[in-house]
Amino acid sequence: MLYDYLLPLLLVLTAAAFMVGRKRALRMAADYGGIRQLHSLPNHYGSMMALACLLPALLLYGIWLSVETSVLDSRIIHELPPTLLSQDAGAQALIINDIKNTVSGNVTVNQDASIEAAAARYQAIQQKSRSAMCIGLLLLAPLSSFIAFRAIKPAFRARNVVEGIIRAALLLCSAVAILTTVGILLSVIFESIRFFKMIPLQDFLFGLSWSPQMAIRADQAGSSGAFGAVPIFAGTFLIAAIAMLVAIPIGLLSAIYLSEFASRGFRTVVKPLLEILAGIPTVVYGFFAALTVAPLIRESGGFFGLSVASESALAAGLVMGIMIIPFVSSLSDDVIHAVPQALRDGSYGLGATKFETVRLVIFPAALPGIVGGVLLAVSRAIGETMIVVMAAGLAANLTANPLKAVTTVTVQIVTLLVGDQEFDSPKTLAAFALGLILFIFTLILNVIALRVVRKYREQYE
Amino acid sequence: MSHLAETIQAPIQTTPAHDSSVKTSTDLHGKVGKTIGTPFVDDPRMTCRDVDVFYGEAQAINKVGIDVGCNEVLAMIGPSGCGKSTFLRCLNRMNDTVASCRVEGEITLDGVDIYHPDIDVVPLRARVGMVFQKPNPFPKSIYDNIAYGPRIHGLTGTKGELDEIVEISLKKAGLWEEVKDRLAEPGTGLSGGQQQRLCIARAIAVGPEVILMDEPCSALDPIATAKVEELIAELRTQYSIVIVTHAMQQAARVSQRTAYFHLGSLVEVGSTKQIFTNPRHHLTEDYITGRFG
């Protein structure tokens, strides 16, 4: 069928358009006395014709497909036998669904004969529509190419047109990223607003008890639902703090060693190795934390007579710290490298030793950048999910004791949303509120970190 | 080597500008024969004999012998890449920080070989200070910049002594009047010329005997340059100064003796007046008259 070969065909047409446009430009150049008489390069004229062939066709294709479904649906409903017509919009949608499933062939139960008939009809109309589109496309592409072909004159500014289209394409790509972020943010905000309509903001932000199980029916007992987020945030910060206690010294000192003391050979071997740590999937860190580190800590705690929960904040924090080491060391290493050699020379020239130079000149000079890197690492630690899901536990204890089980924002979001949930209860909406607070927090951290890093960069220029 | 030098003497000497009876020439690789002039002085502060410097396989300095006298400014001039900066950095072993660099020969400070295994570079660099091409104040306060050296060498016991050293050093560098009210402000906030004088003050603060300057004015405007040159003239009364410069007028203005380097060799050393008025080597003459370099 023509439809299946439509896109390859279109590409062939586009390539042909490029050749033709280029040829015409070259011929014009010859007629007018040399390539310099053309405003743009022959390739620009070719590209312009190729784009003129491709873009209108793609546009038509997109519009057609997006309109086709709704037009088809409404026509099918129109033609349905009255027995299948329903006043209820939901039931109507189900019937349409049945028809479409029959069309695509993934039906397991025996269908009503009238649905089978409707499906056949649907398919027929769809085929007609597709054929019409193919013909339309195959007419449009040469037509628009021809218009572009006629436009090719030595004075025609093909380069500006092509570069304008490329710029628009680049803009579109960056807009996708930005719009997605905005979309995510808006959806989180709207769901959070729904949540805060049910649970007052101050109860959420300052409440000391977290127990999100709600009674689904009025006669259910026990689960009343308490949405005080303080224990969760306390747990998050406890684990992040433990992680940073591990990651900052180890990461920073290894960065100093690598950039100032290590020989070139050692550095070229060890630095990539350190960065491999960053490539380990967090879920692997997660079971390392849950299956190796947590039992180890519990047993050694027992040896010293301490009672350690099998899912302790310490285990999750330690492993998360290990995970963040390459982050800290790599960023610090970059910053330390950016300290100008002139400062080292100045220090050595005064008779300072390597340690004095590192401690008194390089480290202070690099400090703002290091702080920026550490802040980025903190926001990474707070947002980290897999390790804490597997190793930190679910109990929302408000404690500063790293040997007890705590829970984090990310863990709670996961548990609130996993499984069959109704999306209008405070329990599930709480996930969005938690997500919003987490987002705001890491956003602030990132903004501060980036500003600090940028300010530092300007210092030597 | 001498017969090699003779074989190519002819084409060079066809240039009518040169008087072949006085001026020696270069061999095939551009290596220069014996240094002419007066490289050695009575009562030297530093002596260098047969100094070779290699970067890996490549030889950067070839058998250089020269003395640095007491209370004199020795200028080292020569075209780019002639090794004058490399040689300067041998004098306080700054080349130690370059892994591939190897120094042979003998360099002494007050009669002691500074490359002897027993010699530690830390006190050596306190005695032979260095000022770099680009002003490189630490991103610290003006006060801390000056106090850095005395602190790491433990030269002072009390805050009062340190204050005194800072003040004296800044006064010697002619910077005190300009910065005395803002010692706590960052050194990087000063102008380029002030920063360079700050770096000189920083070198003075550890009480060196010799100050090495590697093109100290190349990043400065003419007014700041004039101030630094004035300062060099004053500092000569207390220190030996070795200055590398590209500006020949500067060498003529500030130095008593001038050494001309060419392709890693020391071509000619003499009193500054003699070098600039009556060079004995044709390479020196070509350079100072602007024929190349």
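Biologist: What is the area buried between chain A and chain B?

Modeller: A word first: this is a predicted model, where local features need pLDDT of at least 70, side-chain atom pairs count only at pLDDT 80 or more, and totals for chains, interfaces and linings use all residues. Residues are numbered from 1 along each chain as its sequence is written, chains are lettered from A in the order in which they are written, and side-chain values use heavy atoms, with hydrogens and water left out. Buried area is the accessible area (1.4 Å probe) that two parts lose on being put together, summed over both. Carbon and sulfur atoms give 66% of it here, and the area comes to about 1500 Å².

Biologist: Which residues of chain A lose the most area to chain B?

Modeller: Contact means heavy atoms within 4.5 Å, and by that rule 19 residues of chain A touch 22 residues of chain B. Three residues on the chain A side together make up 36% of what that side buries: D345(A), G349(A) and L350(A).

Biologist: Which helix gives the largest share of the side of chain A that touches chain B?

Modeller: Helices are DSSP runs (H or I, at least four residues) and strands are runs of E (at least two), numbered from the N terminus. Both α11 and α12 (354-383) of chain A supply at least two residues of that side. The largest share, seven residues, comes from α11(A).

Biologist: Which helix gives the most to the lining of the largest pocket?

Modeller: A pocket is an open set of points on a 1 Å grid over the protein atoms alone, where a 1.4 Å probe fits, with protein on both sides within 12 Å along at least five of seven lines; lining residues have an atom within 4 Å of a point. The largest pocket is lined by 24 residues, and among those nearest its centre are S259(A) and T97(B). With four residues, the helix that gives the most is α11(A).

Biologist: Where is D50(B), which has a positive phi?

Modeller: Most residues other than glycine have a negative phi. Phi of D50(B) is near 50°. This residue lies in chain B, in strand β2 (residues 44-55).
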